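Colleague: I am new to this structure and would like a close look at one helix. Could you take me through it in one connected account?

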Amino acid sequence: MRYITGRPQTREETLTVIERVGERWREFGYSWWSFVELASGELVGAGCIQNLRRTEAPSPDPGCPLEVGWRLRRDRWRQGLASEAAVAMAGFAFGPLAAPQLYAVCRPENTASAAVMRRLGMDDLGLDTWYGQSLQTFRTTAERWKARAGSQPEPLKPSTPPAACSES
């Protein structure tokens, strides 16, 4: 949570988020997952496929592209879990959801997440406004993602993220 809210959520905030996640799964067919360590059964993080949005509005903007995102407990950082989870979630986005592209965003100072995005083969598009903040923006395409299974493709040329997604 260090780079998302800067603090743990309260019980009430957590219950609100759980309800909202359930609603989004029912409405869109994608949202947040819990990351549970198989050996211990412990909750170690969470990740999502969701639509980006330009503002801090709590509702998704289906006109904006999909993003992959993750949060991990601090004691699980630097163990490859973010990469492992992101690969699985991207497979869901590019498989059953048939997404043409997938974004990932992070605060510029979150160099660890940016490194994961680069290891995933995502291209750094620079800073852009998402969630009402200036965030480092990364992108890959379904074609490129699927090609990575057999070879390392040429980097995509940076493009301007879609300006057509609604502002609310």
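Modeller: What follows is an account of the helix α1. The model is predicted, so to speak of local features a pLDDT of at least 70 is needed, side-chain atom pairs count only at pLDDT 80 or more, and totals for chains, interfaces and linings use all residues. Residues are numbered from 1 along each chain as its sequence is written, and side-chain values use heavy atoms, with hydrogens and water left out.

Helices are DSSP runs of H or I with at least four residues, strands are runs of E with at least two, and both are numbered from the N terminus. The helix α1 covers residues 11-28, and its 18 residues reach 25 Å from the first C-alpha to the last, close to the 26 Å expected at 1.5 Å a residue (the expected span being 1.5 Å times one less than the number of residues).

Taking buried as under 20% relative accessible area, exposed as over 50% and partly exposed as in between, with a 1.4 Å probe and protein chains only, the buried residues of α1 are Val21, Gly22 and Arg24. They lie on the same side of α1 because they cover an arc of only 160° around the axis, the arc being that of the directions from the helix axis to the C-beta atoms. On the other side of α1, Glu12, Arg26 and Glu27 are exposed. The cover over the buried residues of α1 includes β1 (32-36) and β2, where contact means heavy atoms within 4.5 Å. After α1 comes Gly29, whose phi is positive, near 85°.
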